[in-house]
Amino acid sequence: MDAVAGTPSSGRDDCWSEDATFTLIESWGDRFLQLNRGNLRQKHWQEVANAVNDRHVHVSAAGKPQPFRTDIQCKNRIDTLKKKYKIEKARVLDSGGSYTSSWLFFPGLDALLGPNFPTAGTSPPVTIPKFTPPALAISPIPVGPRSATPRRPASLTADDSSFRRNFSAFAAAAAAAAAAAEENCSESSRSSGGSGSTRRRKRTRTVESEVGYRELADAIDRLGEIYKRVEERKQKQMVELEKHRMQFAKDLECQRMQLFVETQVQLHKLKRAAAKRSSAENY
């Protein structure tokens with residue numbers, strides 16, 4: 001139902017008459033162009049609502065009062081009209097000019113919103129965010145007691161275990177491939193009834209392939225051993241560094257405590273000297 005004149009209505013789009021909608025588009029369009037097709041502020045929407053109410057808040061010829069419009073209701077109505085306009089404009093552009101919109105408010109909205117409507121084939125520029133390297137966090141040297149057993153980072157331990165598993169699996173696969181090649185070649189040599197030279201050539205290929213696979217497996221094993229020794233040496237260096245760091249923290253704490261004790265002793269001596277001096281002056 002329509003609201004009583006001078007009171008806010010529910011703001012539904014079906015409560016807007018054609019004349020009130022035309023007045024709304026006209027009043028909003030003037031301010032829209034004044035702001036260089038920018039967004040209206042609350043005071044502008046209030047001016048639009050006042051313009052609509054000044055012209056249409058009265059009793060109509062049929063005796064029904066026209067509803068009172070607020071700034072929020074005017075903004076919601078414009079948003080609804082914009083959505084409808086975008087749908088109609090897209091249909092016009094997709095048809096290549098063969099479709100003409102029969103919507104009553106399309107010409108007025110097209111004059112206001114048409115220059116800002118994106119055409120086919122254009123897309124907004126893509127902004128690539130700049131990569132910012134993370135800041136290095138420098139942790140202060142603690143002065144309190146710490147555990148004497150250094151812990152190895154969990155990431156290094158996981159990487160080492162996965163690397164060793166991969167090496168073991170690869171070496172096992174190479175050995176299995178060598179064994180399978182040897183069996184296949186021996187079976188083929190036994191099943192074939194060819195000449196002796198053919199069998200000798202096949203046997204030679206089998207021996208060469210077997211030697212190659214074994215060399216590959218030995219090389220992988222040697223590489224694994226080298227990696228293991230490198231990691232053990234790295235772990236020893238980490239332990240030594242941790243020991244040096246703990247010793248440095250211990251020495252620093254001892255110096256701090258020594259300085260504190262010496263300061264307290266000097267203060268005590270000064271207090272005693274001051275007390276003796278004051279007692280001598282009293283006598």
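This is a predicted model: local features need pLDDT of at least 70, side-chain atom pairs count only at pLDDT 80 or more; totals for chains, interfaces and linings use all residues.

Visitor: Okay, where is the place of Pro115?
Guide: Pro115 is in the loop between H4 and helix H5, which covers 154–191. By helix I mean a DSSP run of H or I with at least four residues; strands are E runs of at least two, and both are numbered from the N terminus.

Visitor: Fine. Is Pro115 buried or exposed?
Guide: Exposed, at 56% relative accessible area. The cut-offs are under 20% for buried and over 50% for exposed, with partly exposed in between (1.4 Å probe, protein chains only).

Visitor: And which residues is Pro115 in contact with, leaving aside its neighbours within four places in sequence?
Guide: Arg37 and Asp110 are the ones touching Pro115 once those neighbours are set aside. Contact here means heavy atoms within 4.5 Å.

Visitor: How many residues apart in sequence are Pro115 and Arg37?
Guide: They are 78 residues apart in sequence, and their C-alpha atoms are 9.7 Å apart in space.

Visitor: So where does Arg37 lie?
Guide: Arg37 lies in the loop between H1 and H2. Its phi is positive, about 60°, although Arg37 is not a glycine.

Visitor: What about phi in general?
Guide: Most residues other than glycine have a negative phi.

Visitor: And which other residue has a positive phi although it is not a glycine?
Guide: Asn36 has one, with a phi of about 55°.

Visitor: How accessible is Asn36?
Guide: Asn36 has 69% relative accessibility, so it counts as exposed. Arg37, with a relative accessible area of 31%, is partly exposed.

Visitor: Changing topic: how many helices and strands does the chain have?
Guide: There are 6 helices and 0 strands. Going along the sequence, that reads α-α-α-α-α-α.

Visitor: How much of the chain counts as buried?
Guide: 20% of its 283 residues do.

Visitor: Give me a buried one. What is the relative accessibility of Leu81?
Guide: Leu81 comes in at 3%, so it counts as buried. Leu81 is part of helix H3.

Visitor: And what is Leu81 in contact with, ignoring neighbours within four places in sequence?
Guide: Thr21, Ile25, Trp103, Phe105 and Leu109. Take Phe105: from Leu81 it is 24 residues away in sequence and 8.2 Å away in space, C-alpha to C-alpha.

Visitor: Let's think about the whole chain. Among contacts between residues at least 6 apart in sequence, what percentage join residues at least 24 apart?
Guide: For this chain the figure is 72%.

Visitor: Back to H3. Is Glu88 buried or exposed?
Guide: Glu88 has a relative accessibility of 5%, so it counts as buried. Like Leu81, which lies in helix H3, Glu88 has its place there. Setting aside neighbours within four places in sequence, Glu88 is in contact with Tyr99, Ser101, Trp103 and Phe106.

Visitor: Now the helices themselves. At roughly what angle do the axes of H2 and H3 cross?
Guide: The axes of H2 (residues 42–56) and H3 (residues 71–95) cross at roughly 90° and come within 8 Å. That makes H2 roughly perpendicular to H3. Gln42, Trp45, Gln46, Val48 and Ala49 make the contact from H2, meeting Asp71, Cys74, Lys75 and Ile78 of H3.

Visitor: What do those angle words stand for?
Guide: Under 35 degrees counts as roughly parallel, over 145 as roughly antiparallel, 65 to 115 as roughly perpendicular, and the rest as oblique. Axes are lines fitted to C-alpha atoms, for helices over the stretch in contact, with angles running from 0 to 180 degrees between N-to-C directions.

Visitor: Then at what angle do H1 and H4 pack?
Guide: About 10°, with the axes of H1 and H4 (residues 106–113) 11 Å apart. That makes H1 roughly parallel to H4.

Visitor: Which residues make that contact of H1 and H4?
Guide: H1 brings Ile25, Trp28, Gly29, Phe32 and Leu33, and H4 brings Leu109, Leu112 and Leu113.

Definitions and conventions. Residues are numbered from 1 along each chain as its sequence is written. Side-chain values use heavy atoms; hydrogens and water are left out.
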